[in-house]
Amino acid sequence: MPALINFLVLLLYLYTWLVIIRAVVSWTRVDPSNPLIQFLVKATEPVLAPLRALVPPAKLGGLDVSPILAIVVIQIVRYLLLSL
């Protein structure tokens, strides 16, 4: 069981970095047809879209806080897994 928990914690750590990279890339002009960008969007959108629906960027003056919320949720889950 500890090996499974460590594996899940590692996956959550890597996913956190995907969310961070996606947020940083969103600040720049990138080619949306780039395979790396398409991978980032496909990998992170299932988590970011529901959070974006909870806190729409339009209500915050266009500021998308879904990556920050995703990272906070991921860190809470990681903490809970590590406490097992």
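Figure 1. Leu-14 lies in helix 1, which covers residues 2–26; helices here are DSSP runs of H or I with at least four residues, strands are runs of E with at least two, and both are numbered from the N terminus. This is a predicted model, in which local features need pLDDT of at least 70 and side-chain atom pairs count only at pLDDT 80 or more, while totals for chains, interfaces and linings use all residues. Residues are numbered from 1 along each chain as its sequence is written, and side-chain values use heavy atoms, with hydrogens and water left out. With a relative accessible area of 45%, Leu-14 is partly exposed (buried means under 20%, exposed over 50%, and partly exposed in between, using a 1.4 Å probe and protein chains only). Leu-14 belongs to a nonpolar surface patch together with Met-1, Leu-4, Phe-7, Leu-8, Leu-10, Leu-11, Tyr-13, Trp-17 and Ile-21. The patch has about 990 Å² of accessible area in total, computed by the Shrake-Rupley method with a 1.4 Å probe, where for residues only the protein chains shown count as cover. Patch members have over 30% relative accessible area and no salt bridge; like charges are joined within 9 Å, and nonpolar side chains (Val, Leu, Ile, Met, Phe, Trp, Tyr) within 5 Å.

**Figure 2. Where helix 1 crosses helix 2.** The axes of helix 1 and helix 2 (residues 35–54) come within 10 Å and cross at roughly 95 degrees. That makes the two helices roughly perpendicular (65 to 115 degrees; under 35 is roughly parallel, over 145 roughly antiparallel, and the rest oblique). Each axis is a line fitted to C-alpha atoms, for helices over the stretch in contact, and angles run from 0 to 180 degrees between N-to-C directions. On the helix 1 side, the residues that meet helix 2 include Tyr-15, Leu-18 and Val-19; their counterparts in helix 2 include Phe-39, Val-41 and Leu-48. Contact means heavy atoms within 4.5 Å.

**Figure 3. Val-25 and its neighbours.** Val-25 lies in helix 1. Leaving aside residues up to four places away in sequence, Val-25 touches Val-30, Ile-37 and Leu-40. Val-25 and Ile-37 are 12 residues apart in sequence, and their C-alpha atoms are 8.3 Å apart in space.

Figure 4. A search of the whole structure finds 3 salt bridges, each a side-chain nitrogen of Lys or Arg within 4 Å of a carboxyl oxygen of Asp or Glu. Arg-22 pairs with Glu-45 at 3.0 Å, N to O. Arg-22 sits in helix 1 and Glu-45 in helix 2, so this pair ties together parts 23 residues apart in sequence. Arg-22 counts as buried at 18% relative accessibility, whereas Glu-45 is partly exposed at 23%. Glu-45 also meets Arg-52, at 2.7 Å, N to O. Arg-52 in turn meets Asp-64 at 3.2 Å, N to O. Asp-64 lies in the loop between helix 2 and helix 3, and Arg-52 in helix 2, so the pair ties together parts 12 residues apart in sequence. Asp-64 is partly exposed at 31%. Through shared partners, the salt bridges join Arg-22, Glu-45, Arg-52 and Asp-64 into one network.

Figure 5. Tyr-79 lies in helix 3, residues 66–82. Tyr-79 is exposed, with a relative accessible area of 60%. The C-alpha atoms of Tyr-79 and Val-9 are separated by 8.7 Å, although these residues are 70 apart along the chain.
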